[in-house]
Amino acid sequence: MLRLAPALIITLLVLPVGAGLVMVMLPAFGYLPVLGGHEASLAPWQALFAQPGLARSVAVSFASGLVSTAMALMMVVLFLAASRGTWLDRGIRRLVSPLLAIPHAAIAFGFAFLIAPSGLVARLLSPSLTGWERPPDALIVNDPWGLSLIAGLALKEMPFLLLMSLAALPQLQVDKRLMLARSLGYSPTLAWLKTVLPSLYPLIRLPVYAVIAYATSVVDMALILGPTLPPTLSVSILSWFNDPDITRRFMASAAAVLQLGVTLAALLCWWLLEQLTRLLTRNWLTNGSRQRGEIALRMVGRSALLLSSMTALAALVGLGLFSLAGFWRFPELLPQMLTLDHWQRSAPMLVKPLLNTALIGLASTALATALVLATLENEHRQHLQPKRALWLLYLPLIVPQIAFLFGLIVAAESLGIRPQLGLVIAGHLLFVLPYVYLSLAEAYRRLDPRWLQVASSLGVSRNAAFWRVRLPLLLAPLLTAFAVGLAISIGQYLPTQLLGAGRVTTVTTEAVALASGNNRRLIGVWALVQAGLPLIGFMLALALPRLLGAKRRALAT
Amino acid sequence: MANNRNGLVATISITMLALALPAAADPAPSNWQAVLEEAEGQTVYWNAWGGDTRTNRYIDWVAEQMQAQYDVDVAHVKLDDTGSAVARVLAEKQAGNHDDGSIDLIWINGENFAAMRENDLLFGPFANALPNFALTNADENPEVVTDFTLPTEGYESPWGKAQITFYYDSAQMETPPQDMQALLAWAQDNPGQFSYPRIPDFTGSTFLKQALIELSDQDEALYQPVEDADFEAVTEPLWTYLDALHPHLWRSGRTFPDSGPNLRTLMSDGELSLAFSFYPTDAAVAVKEYELPESVRSYVLEGGTLGNVHFVAIPYNSPHKAGAMVLANFLLSPEAQAEKQSLTMWGDRSVLDIEQLDADAQALFEQGERHPSELPADALSNTLPEPHPSWMTALQDAWLERYGVN
């Protein structure tokens, strides 16, 4: 039974993605009988390449994915190098989970309101410093270069990369490495960068790739912050799929295939940059320079991540203010009056989506955790090296959602699987499982094997040892993985909407539908609810081990 | 394991669905009693744009009434884009799902209706057979059976009326521009304070049509398919106008708001001084919900503005057509239409010929005092009809070609 787990996981993840891609590939090359497309043709591609601004759309998608990931990664790395053991380090570690829990769209809305010419920052300075009685007519949000999109993406990627790094660091025996480097006279930040980073990067490489894939194809953040003339490729694709002129589906499908190409090209480009960096830094790593750049690196490392965390929090505060705001116009820093109206009107509509969200999140995360545990336990019992085929796990993270979900509906409908709760849960599993695996695998593998040897020498069966020794010892990472899974599930929009045909409403589908009405006060209410749910998950994940594990604490240390 | 379990759930629920559904042919709307009986106990999935809390609240009220009066369960599937419902029905047809679709009723008009009709994605004709349809007095009010110049032929049932309505802050501006040329002159004097939603947005496209009707002297051509007209010649004045207007728009026309509702948010932020909406009561509602200052006033351009009727339609593969028809009929009842028109509920205008109703029904439509931000009652008489739907697509493509890349 256990031996089947890895194969089962891969089938569960690869089949839907593959089926979805095939059903998009066919219309991309002209085959869609329902619209009269009976033979292969390149017409969809010709139509696509004739779209004005396509090259720019592609360029912005490609560049914003790479640049935002590079920024986020650099912030995280320099922070870890420069802040070790400081109060800042402890503070940010506590903040990272809540930051991860804020959904993308919520961050985007909050961030847009922060930096817009009529936004919070401009209000803080107006009219006293700027003299502005009216907001200036400046193009900041939706700038044609995608700079505000890049900044927004970096804000959201930073906590994820930080959490993944924090999860990987303990196995690197950082203290010993640093002690050695310090004793050779290296300054603290440089010691970390030269001795820890080269071993850390391979461990967080897959998460980095997942971030790039996500950022090149993101829809919700690009809609809010991204350029408009033309928009990013992913935004164009969505509008073509939903175009009243349904013959555009051919071109939309071709564009979805192009999106896959853009994402793969960005990944390839990143890989080349990795090789280049390795070459260029080889000398620096071993040149024996112990101090140069220490102060600058330390300053940047401490301030950049702090600044971005504060920005994300300020964005959230802006949303909170709006959810309570009466009339509130530029340049007033605070609303003229506060009211609970928006919350009261939303409250009755919150119940069902909240229940659905919790049910889908718990079910998909529980399934994902069980499957991941089975795979890891199997690996351990068979003394296997991590299977190479397991990279397939990341397929749903690498292939853009927009490239295969539209096809997946057709595939499911063809098999007679109708939209319903079960299908939505299965769809969420696609995205939750890889993240649970990412969060849990390293902790699982590095658990000291002697605990289990001791257990078996005491005559405990392997199954009993799993339940009574391994799981309790892994409670903390297990709960973190569970909380990450919940957060991922709660944030899913397209899979929920498409696989549930809109019948299965979650907090996120309701929030997106309401967001199309652009009422910022309601957006504030729903975004806070959306962010609050995973936050509860993370808080439980932190609190539960302390409550449950009190009597085992002596064991763990 | 998970796979099996999900598969099992799917199989069980499909079997249950199949058992619950009568395998009989589509219900005939002419036998209304039979439709009512068949509808009992059905759940109607009504796909309707969900971006407006007032519309949502009205649909909730409708659901309560339907449950109480007809034992029909109405589930509002909130869309962020009606096109996604069209795409869904198309995907189901592509997959061969011809009788168990996931959508029972769609809030629709214009291009989306034309596309669904053209691809045989709609059930009908049913609308003219609805008992309450007679109250629209369609012979005298052809707009309730005409959608963007296309005859509806009973494939959709009228629900409400919309018309382009401008609004401005009377505290900042005394006399708002009354036609397109005045708008240009005003924008030149007040740069950066007006814009329209980015094409292909629905409201933005409507602004293009509004400007075209006013600027072109070949209006007849607009009511025929675009293929029959000299597109370049007819639209030439429009592009000249936009070339002149764009540098004076918000952000100098380098970006555009992403949707109609976004214009309201920008008004609220004080970035714009003049905006427009498809819903005549939009500004008054926004004042009530703290989004706009109380000094906001609504008006219609002197030469009239574009208006249209919005409808509900039933997809060809809906498994609950009887329930959907009962719902469409209820939406046409004086009770439901009056509730919809009241400003405290939604403020969407009625499609019924109110003067033809009996006195009791007419009394339902009497409202209290008008909201000062609302349009005067007589302002909406000057309605320009929508051009042929093919013009919308052609204008959108031409706009994107000219202004889509900056």
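A crossing of two helices is left-handed if the near helix is turned anticlockwise from the far one by less than a right angle, and right-handed if clockwise. The structure shown is a predicted model, in which local features need pLDDT of at least 70, side-chain atom pairs count only at pLDDT 80 or more, and totals for chains, interfaces and linings use all residues. Residues are numbered from 1 along each chain as its sequence is written, and chains are lettered from A and ligands numbered from 1 in the order in which they are written.

**First stop: two helices of chain A**

Select helix 4 (residues 87–101) and helix 14 (residues 294–323) of chain A; they pack at an angle of about 35 degrees, with their axes 11 Å apart. Here helices (H or I, at least four residues) and strands (E, at least two) are DSSP runs, numbered from the N terminus. Axes are lines fitted to C-alpha atoms, for helices over the stretch in contact, and angles run from 0 to 180 degrees between N-to-C directions. Helix 4 of chain A passes helix 14 of chain A in a left-handed crossing. Next, display the residues that make the contact (C-beta atoms, placed from the backbone, within 7 Å): L88(A), I92(A), L95(A) and L99(A) from helix 4 of chain A, and R302(A), L305(A), L306(A), S309(A) and A312(A) from helix 14 of chain A.

**Second stop: where the chains meet**

Now show both chains: 65 residues of chain B are in contact with 59 residues of chain A. Select helix 4 of chain B, which gives the most to the side of chain B that touches chain A, with 10 residues.

Conventions: Contact = placed C-beta atoms within 7 Å.
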